[in-house]
Amino acid sequence: MSTDLTGYNIAYLDEQTKRMLRRALLKAVAIPGFQVPFASREVPMPRGWGTGGVQVTAAIIGTGDTLKVIDQGADDTTNAVSIRQFFAAVAHASTTTRTSEATVIQTRHRIPETPLTEGQTIVYQVPMPEPLRFLEPRETETRRLHALADYGLMYVKLYEDIARYGHIAQTYSYPVMVAGRYLMSPSPIPSFDNPKMHQSPALQLFGAGREKRIYAIPPYTDVESLGFEDYPFEPQTFDDPCAICGSTGVYLDEVITDDKGGSMFVCSDTDHCEHAAGQAEVTR
Amino acid sequence: MTSTAPALPAPGFDDPARDAQRAFRAVLDALARPATGVPLAGPARPPTALGPGLAALALTLLDTDCTVWLGGALADDAATTTWLDFHTGARRTADPAAAGFLITPPAALPPLEALEQGTDEAPHLSATVILDVRGCAGPDRFTASGPGVNGTAELPAPWATDGFASDWARNAARFPRGVDLLLADAAEVTGLPRSTRLSPLAPGQED
Amino acid sequence: MYVAVKGGERAIANAHALLAKEGRGDPALSPLNPAAVAGQLGVLVARVMTEGSLYDPELAARAIVQAQGDVLEAVTLIRSYRTTLPRFGYTLPVDTARLPPQRRISATFKDLPGGQQLGATFDYTHRLFTDRDTAGPASAPDGGGPPDEGMPRVSDLLGASALIEPDQALDGDPEPGDLTREPAVFPMTRAERLQSLARGDEGFLLALGYSTQRGYGNNHPFAGEIRVGEVDVEIEIPELGYPVPVGRVELTECQMVNQFSGSADTPAQFTRGYGLAFGRSERKAMSMSLVDRSLRAGELGERAAAPAQDEEFVISHSDNVQATGFVEHLKLPHYVDFQAELGLVRRLNAEFRERAEGASGRHDGAEEA
C-alpha cells in the first residue's frame with residue numbers, strides 16, 4: 001500500500017494548525033511542566049501511537065533538521081520506522097539513527113544513552129500526560145490540584161508503596177517535579193532515564209495527542225524525581241553489562257534465548273550499542 | 001511613506017511554510033533559552049513601522065484565532081494595519097487587557113499587571129508581548145536566571161523603561177500566571193518568559 | 001547475533017503487501033466499486049460519515065473499501081483527511097423543519113400535521129433472508145410524498161403551547177464551539193457535548209442510552225419525532241448579502257421528549273434530548289438523544305449518579321478513534337516498561353525470600369535482628 005502524498009502540506013499539517021500548535025508550545029515552554037490543552041488534530045496514524053509526538057514534531061521540523069525516531073530506544077522497531085518514513089515523506093526531513101547527529105529526536109519510552117546537547121530537541125510521545133490520573137480520574141479535579149500545587153495524593157501513593165513493598169513501586173512514568181512547581185509525568189520512560197531530564201542542555205517537548213496536551217521542559221531546568229528523605233528516589237540499575245557491546249550503566253532489554261529460563265541482556269539503545277560495539281572492535 | 005493605505009499590502013513570507021517554520025524555531029529557541037538573542041529572518045519588504053523582525057513574528061504567530069493590540073505609532077500606521085489584516089486576519093483590539101498578543105514599542109507598553117494573566121488553572125491563556133526594541137539606547141542591564149538559563153546570563157536591556165524591573169519582578173511573582181515577552185529587533189529575537197528572574201546589574205558591572 | 005530488533009522496514013513493507021492481498025480477496029471476482037458501496041451499503045457509509053465528521057458518501061465508501069470493512073479504520077481515514085481540508089467558511093444552521101422527509105415518525109401522537117411516513121426502514125421487515133436480486137424494489141413508492149402543508153416538528157407543536165422547554169438557550173443563541181479547532185475543556189457547553197456525541201461511537205452511545213432505560217439515570221423518554229431527509233446547506237457570502245445553497249446533505253434527526261421538570265416558580269414542561277447524524281443513522285440519532293438528555297442532569301437539577309449522566313466519563317470515552325487507538329497501542333512494544341517492572345518484581349521477590357528465610361532463622365533462635 002503506497003501512500004500518495006500529493007496535495008498535502010509540508011509536514012502534513014496545514015499552516016493554521018501549525019500556528020495553533022506553535023502557540024501552545026511557546027506557552028508550554030514559558031510554564032515548565034504545565035500541561036497546555038490544545039486542539040489535537042487527527043494525523044494519519046492511530047491515536048495512542050504517537051499522534052501527539054507527531055504533531056509536535058510536525059510543528060517544529062524544517063528542512064534544516066535531522067530527525068531521529070526511536071521506540072523503546074531502538075531506531076528500527078516498527079513504529080519508529082513508520083514515523084520516520086512519514087516525516088521523510090511529508091517533511092522532506094533528513095533522518096539519522098545517530099543520536100549525536102540528530103537535531104530533533106522523537107521518542108517513545110526512552111531517552112538516548114548518548115547525552116543530549118544544546119541545540120537538540122527531544123519530543124516525547126505521551127500516552128497519559130496527567131501524573132495524577134490514576135489517583136484522580138477527573139480532569140476538572142486534577143486541574144484544580146495543579147492550580148493549588150496540591151500533590152499530597154501522589155506522596156500518599158508513594159508512601160503506601162513503601163509501606164507495602166518496602167520501596168516506591170513505580171518503575172516507569174516515575175513522577176517528577178519541574179522547576180519546583182509542577183508535578184509532571186515524564187511519559188513511560190523507565191525511572192532509569194529520569195536523571196537525564198534534570199538540567200539537560202536539550203529542549204524537551206511532550207505531546208499527548210489523544211489526551212490533547214502539550215508540555216515542555218526548557219534546557220537547564222530542575223527536574224526532581226519525587227522521593228522522601230528516608231526513601232529517596234532510586235533509579236534502576238543493572239548488574240550485568242550488555243551482552244553485545246559490553247556497556248555498563250545503560251538500560252538493557254532482556255531477550256529470552258531458550259525455553260529453559262535462559263536470557264541475555266542487551267542495550268535497549270540500538271545506536272549506542274552499535275557505536276560501542278564498533279569501538280570495542282577497534283580496541284581489540 | 002504616504003499616509004494613505006496602499007491598495008495591495010506588501011507581500012508576506014516568500015515561502016510561507018518554510019519561512020514560518022524557521023522563524024518559529026527562532027522564537028522557540030529564544031523562549032527556551034531566555035536572555036539569549038536568536039537570529040530571526042523576516043519578509044523582504046515588511047511595512048516600515050514593523051520591520052522584518054516584528055513582521056516575521058506576526059506572520060509566524062498570528063492568525064484569525066488571535067487578538068492583537070498595537071501600541072504607540074503602530075496602531076495608527078495604515079500600512080501596518082492593512083498588512084496585518086491581510087496576512088494574519090488577527091482581530092485588532094483597542095483594549096490591551098483583552099489582547100492575546102501585543103505589539104508595541106517599550107514606551108507604549110502598559111503595566112504588565114494590566115494585561116491578560118491567565119488563571120491558576122489555565123495560566124497559558126495569558127498575553128504575549130512582542131516588544132519592538134529597535135533603536136533603544138537605555139543604560140539598563142540585568143542578570144537573568146531561571147529555567148532555560150545555564151546558571152545566570154547577562155542581559156543588556158537598552159529597551160527597559162523606568163519601573164520595568166519592578167514590573168517584571170511582580171510578573172514573575174504571579175507565576176504560574178503572568179505575561180511572556182519577546183524582544184524583537186530587525187534581525188534578532190530574545191525571549192523573556194514569566195519564569196525568568198531578572199536582577200539589575202550596575203552599569204559596567206560584570207556578571 | 002541478536003537480530004530481533006532488525007528488519008523493521010522490511011517487515012512493514014511485507015505486512016502492507018500481505019494486507020493488500022487479503023483485502024483484494026478472490027482475484028477471480030470483481031473488486032468492490034466504491035460507488036456501488038455508497039449506493040448499496042448506505043447505512044454503513046452514513047456511520048462512517050457521521051463518526052468521521054465529513055459528509056462525502058463517495059469518499060466514505062472508498063474508506064470502507066480501503067479499510068476492508070473495518071468501520072473504525074474507515075472513520076480514522078476520513079478524519080485524517082478531513083483535518084487537512086482548508087476551511088472556507090461556516091454554513092448557516094440547517095433547517096430540519098423544512099426538510100422534506102423520506103421518513104418521519106412520532107411515537108407521541110397518533111396523527112399530526114404532515115402525517116406519519118414510514119419511509120426506508122428495517123422496522124417491519126421480517127428478519128428472514130431474502131434473495132436480494134429477486135426481492136428488488138417490490139412495490140412502487142406510494143407516490144404521496146410529503147404534503148404541501150409541511151411537517152412542523154413535534155417539538156414545535158408542543159412548544160407552541162409551552163409544554164416543552166424552548167429549543168434555544170434562554171440567554172440568546174451563542175456561537176457553538178468547535179472541538180476540532182479549540183481544546184475541549186470540561187465542563188462543556190451543550191453544543192460542544194452534542195458535537196462530541198455526534199462524532200461518538202454508535203455502539204458506545206447505544207449501550208449508554210440503553211443503560212438509562214434500565215434505570216441508570218432514567219429520564220422517561222418518548223420518541224417525539226424521528227425524521228430522515230435531505231436538507232439544503234447554505235452559506236452566507238458577504239459580497240452577495242444573501243445565503244447561497246452549496247449542496248444537500250441527508251440527515252437523521254431525533255427529538256426525544258423527556259421527563260418534565262418544573263417547580264413552584266415555573267410551570268411543568270417536558271424536556272428535550274437531541275440527536276442528529278448524517279445519512280440514515282436512526283439508531284445513532286436515538287442513542288445520542290438519550291445520552292444528550294441524561295448529560296443534562298446537572299443543568300436540570302437532577303441527581304447525577306449514573307455513568308450516562310457523567311459528562312467527563314461519557315465524552316472522554318465516546319470517541320472511537322481515540323479509544324481504539326489507545327486499546328490497540330497495547331500491541332506496540334513495551335519492552336522497556338516491562339523490563340522495569342520485571343526488575344522490580346524480581347527484586348521484591350528476592351527480598352520476600354530473604355525475609356522469609358530470616359524469619360525462619362530467627363525462629364531457630366540463630367539470628368539477631
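Guide: Let us begin with chain B, where, among the contacts with a separation of 6 or more, 71% are between residues 24 or more positions apart; please keep in mind throughout that this is a predicted model. Chain B holds 4 helices and 10 strands, and these follow one another along the sequence in the pattern α-β-α-β-α-β-β-β-β-β-α-β-β-β. Its radius of gyration is 17 Å, close to the 17 Å that the globule rule gives for 207 residues, so chain B is as compact as a globular protein of that length. Taken along the principal axes, the box that its C-alpha atoms fill is roughly 50 × 35 × 30 Å, and 50% of the 207 residues of chain B count as buried.

The contact between chain B and chain A takes 29 residues from chain B and 30 residues from chain A, and on the chain B side helix α1 (residues 16–32) gives the most, with 12 residues. By class, that side of chain B has 14 nonpolar, 5 polar and 10 charged residues. Chain B and chain C, by contrast, are joined by no contact, and their closest C-alpha atoms lie 10 Å apart.

Strand β4 (residues 104–108) of chain A runs parallel to β5(A) and is joined to it by 4 bridges, with V104(A) standing opposite T121(A). Strand β8 (residues 203–208) of chain A also runs parallel to β5(A), here with 5 bridges, and Y124(A) stands opposite F206(A) in that strand.

V56(A) lies in helix α2 (residues 51–60) of chain A, and it is buried, with 31 other C-beta atoms within 10 Å. V56(A) and A24(A), which are 32 residues apart in sequence, have their C-alpha atoms 9.9 Å apart in space.

Turning to chain C, we find that, of the 2 pairs of chains that touch, A and C have the most contacts. Their contact takes 46 residues from chain C and 50 residues from chain A. On the chain C side, the elements that give two or more residues are α1 (8–24), α5 (71–82), α12 (320–328) and α13 (335–363), and the largest share, 11 residues, comes from α13(C). By class, this side of chain C has 23 nonpolar, 13 polar and 10 charged residues.

Two of these contributing helices, α5(C) and α12(C), also meet each other within chain C: their axes come within 10 Å and cross at roughly 115°, and the crossing is left-handed. L72(C), V75(C), T76(C) and R79(C) of α5(C) meet N320(C), V321(C) and T324(C) of α12(C), a contact that has 3 nonpolar, 3 polar and 1 charged residues.

Elsewhere in chain C, helix α3 (residues 42–52) is mostly covered, with 8 of its 11 residues buried, among them V45(C), R47(C), V48(C) and E51(C). Just after this helix, S53(C) takes a positive phi of about 60°.

Chain C also has an open sheet of 4 strands in the order β1-β2-β3-β4, with antiparallel pairing. Its edge strands are β1 (101–105) and β4 (269–278), each of which pairs on one side only, and the twist averages 30° from one strand to the next. Strand β3 (residues 243–261) of chain C pairs with β4(C) in the antiparallel sense over 9 bridges, and N258(C) has T271(C) of β4(C) as its bridge partner.

Technical notes
Residues are numbered from 1 along each chain as its sequence is written. Chains are lettered from A and ligands numbered from 1 in the order in which they are written. This is a predicted model: local features need pLDDT of at least 70, side-chain atom pairs count only at pLDDT 80 or more; totals for chains, interfaces and linings use all residues. Two strands pair if DSSP finds at least two bridges between them. Axes are lines fitted to C-alpha atoms, for helices over the stretch in contact, and angles run from 0 to 180 degrees between N-to-C directions. A residue is buried if 20 or more other C-beta atoms lie within 10 Å of its own, exposed if 12 or fewer, and partly exposed in between; C-beta atoms are placed from the backbone. Two residues are in contact if their C-beta atoms, placed from the backbone, lie within 7 Å. Ala, Val, Leu, Ile, Met, Phe, Trp, Tyr, Cys and Pro count as nonpolar, Asp, Glu, Lys and Arg as charged, and the others, Gly among them, as polar. The radius of gyration is taken over C-alpha atoms; the globule rule is 2.2 Å times the number of residues to the power 0.38. A crossing is left-handed if the near helix is turned anticlockwise from the far one by less than a right angle, and right-handed if clockwise.
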